[in-house]
Each structure stands twice: as structure tokens, then as C-alpha cells.
Amino acid sequence: MKISRIETFLVPPRWLFCRVETDEGLIGWGEPVVEGRAEVVRSAVEVLSEYLIGEDPLRIEQHWQVLTKGGFYRGGPVLSSAVAGLDQALWDIAGQAYGAPVHALLGGPVRDRVRVYSWVGGDDPNEIAEAVAAQVEAGMTAVKMNASGQLSAIPTAAEVANVVRRVAAAREVLGDGRDVAIDFHGRATAAGVRRILPEIAPFHPLFVEEPLLPEQAHLLHDVVTASPVPVATGERLFGRAEFLTPLQAGVAVLQPDLSHAGGISEVRRIGAMAEPYGAVLAPHCPLGPIALAASLQIAFSTPNFLIQEQSIGMHYHDGGAELLDYVVDPEPFRFVNGHIRRPEAPGLGITVDEAAVRAAAREGHAWRNPVWRHDDGSFAEW
Ligand SMILES: [Mg+2]
């Protein structure tokens, strides 16, 4: 079997899919994307495809090595995400070739269902309460919310109080039996989170996410030491070496993204690397159905796994295209009491609606993240 064709599809709301075809008719799908830079990743996929065409798709590890290391300049979000999407597609093909779900090829399932969480948006504590109530009503056992909007380097009393009010509002609706995770989105400084975290600790968040930007990973140890709340990070890290500093800092939760951190092959290794540190995986996934399917295959085969993010109904999409628009059957993504059941189908376990993908790609997208400013006009982290 040989890889005969690789296509990419830029589809709303902000995603990029790849379709890898073989001369024996098997087709694998992947999701190589960096949100806001999808066209750049598309070019990287085209360059990497030069190597893959004509190769045996079942030599996944060999191809991962060459795709990742075969260029003298390597790593970073664009190249690692391009490799990630192609890696997902190769695992999808392998599963079909061997007649097994990917998690079976990775050693078999270690759990029967996977806990998922939903995003709750809104800046007003009242809106938070309503959004959380809707998720509880839908059966979810955990939600995640942003800690704040733009945040001053040294948070003011009002900013701290706003964060506390929002977390308190979520906890009040959730009760003690459900969880809330708090995402700082890299908007805070080390001094800022050290001021805020003790104030929200009484509400027992599941974890706080990205308290610092990735380039301040050398300060994570101080934050972890000062924080009673478990610290999570990793959605902007692109390979196992980059996870070493957070692990050594004592981070509790790693959040590699299946579409950024080298795909199924590399995230599996990141999970194994986390184990001796006692850290657990909660893969980042505000993306489409292929990235979520790949995440679930890792979740079902990784012992040190905590919870899975997913984007169904997420606030970024604002009524536009949605994850379920691109699959023939939504059943693999149906939530039962806040969990997803183990897929039995070969490969990634979903059937991509190719006609819907091709139609959506004719529309395309040019999604960019907002650029925020502080009140004085200076740049603010989004
Ligand atoms: Mg995040």
C-alpha cells in the first residue's frame, strides 16, 4: 500500500483538515491546524507531502521521525501541527488496514468511557451562572471558563474581585459534585496569579490553566509552589522536550493538543513521560471532529488521563459551522452523563462527511484571534 494523494481543506469556523488517500482505496483524515494560522500550516502540509507521496502509510513512526527531524530547522507550532495532522491520518489508515480502533493498536482500552467538559463563556457572573446551569442540565459533570478578560500585569482589587465573583458564581450552580476549571489563557503574570490563586482556592477549581505564557515556563515552579490549586499547561507546547520544564516545575495536568504537539504518536509519548511525575493528561481540543476523535483514542489508551476538552457549542463559533457538521454520524460524540463511550469502529472511529467538507472548503475562512489593547492603548494578551 502506498500513499497516492494528500489534500487539505480550509473549513469554517477556523479549521484545516487533511485527507490522505492510498492506492488501495483506504482514506485517512487528519486535522493539521494552528488556530489563526491555518493557511500557513496548509503550506507546511504541502511541503511535507512531497516526502509522503509514494510511501507505505503503515510505517507511521518512521514517517514521524523523518517529517519531524528530516528538516534541519524543526519544531514550532506550524511544522509540529502539520506533522500532527498527517500523523492522525496515518493512524486512521492503520486502524482501517488492521480492522481495529487506534486505541486497540496502542495496547487496548484502559477505560470504558471518557469524561469531557464544556466551555462556558460570558464575562458577566450572571451569564456564567446561566451557562453553567445549561451544561448541568445537559448532564455535564465539568465546565471550564476563562478567569478574566484582559488582565493588568499587577491585577487591581477590582480585577481580582471579578475573577472571584465569576468562579464563585460557577461553584454555586455546580455544587460540590461537579468541577470547574479556570483558564488564565496566558493573560496573567507570575505576580498576578500569585495574588489571584489564593482567593479562588476556596472554591476548589479542578485546575488553573496556562497561568503563565509558555515563554515564562521557568517561573512555573514558583507558581506551583505558591498555588493550592493544581496547575495545568501545555496547549502551546509542541513536543515532549517542551513539556519537561513544566513537569519538573510540578505541574499537575498536561494539555498537549493532538493537532499541535506531533499528533497521536507524540502525545502518547508525552503521556508516558508525565507518568513518573504523577501528572495527568487533559488534551486541549477546541478544534474539529478529527482532532477530537484523535484525542479520544489517546484518552482510551492512556492510564494517566484526567478529562477531555471538546468544542461542541463553543463560544468561538457563534452559531456558524460546528464540529458535528463534518461527520456522517454524530453518535461517536454523543455525551452520556458527561462522558463519551468507547468507539469500536476502526481507525479514528468516525466517518468524515466528505461532501460536507468539500462544500465548506469552497467557503473557507480567514479566522484570526482578536488583538486586545489595555486602556492606555498598549498590547494586551488575548
Ligand atoms: Mg486554554
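Me: Which residue stands opposite S118 in strand 5?
Reply: S118 has V143 of strand 5 across from it. Keep in mind that this is a predicted model.

Me: And how do strand 4 and strand 5 run, parallel or antiparallel?
Reply: Strand 4 and strand 5 (residues 142–146) run parallel, joined by two bridges.

Me: What else is strand 4 joined to in parallel, and by how many bridges?
Reply: Strand 11 (residues 308–309) runs parallel to strand 4, with two bridges joining them. There, V116 is opposite Q308.

Me: Which strand pairs with strand 4 in the antiparallel sense?
Reply: Strand 13 (residues 339–341) does, over three bridges. In that pairing R115 faces H339.

Me: Why is strand 4 largely enclosed?
Reply: Six of the seven residues of strand 4 (residues 113–119) are buried, so the rest of the structure largely encloses it.

Me: Switching topic. What domains does the chain have?
Reply: The assignment gives domain 1 (3–99) and domain 2 (104–352). Their centres, taken over C-alpha atoms, are 25 Å apart.

Me: How many residues are in contact between them?
Reply: 34 residues of domain 1 are in contact with 25 residues of domain 2.

Me: Which element gives the most to the domain 1 side?
Reply: Helix 3, with 16 residues. That side divides into 18 nonpolar, twelve polar and four charged residues.

Me: Last one: how are strand 1 and strand 2 joined?
Reply: By a hairpin of three residues. Strand 1 (residues 3–11) pairs with strand 2 in the antiparallel sense over eight bridges, and L10 has L16 as its bridge partner in strand 2.

Methods:
Residues are numbered from 1 along each chain as its sequence is written. This is a predicted model: local features need pLDDT of at least 70, side-chain atom pairs count only at pLDDT 80 or more; totals for chains, interfaces and linings use all residues. Domain bounds come from an automatic or database domain assignment. Two residues are in contact if their C-beta atoms, placed from the backbone, lie within 7 Å. Helices (H or I, at least four residues) and strands (E, at least two) are DSSP runs, numbered from the N terminus. Ala, Val, Leu, Ile, Met, Phe, Trp, Tyr, Cys and Pro count as nonpolar, Asp, Glu, Lys and Arg as charged, and the others, Gly among them, as polar. Two strands pair if DSSP finds at least two bridges between them. A residue is buried if 20 or more other C-beta atoms lie within 10 Å of its own, exposed if 12 or fewer, and partly exposed in between; C-beta atoms are placed from the backbone.
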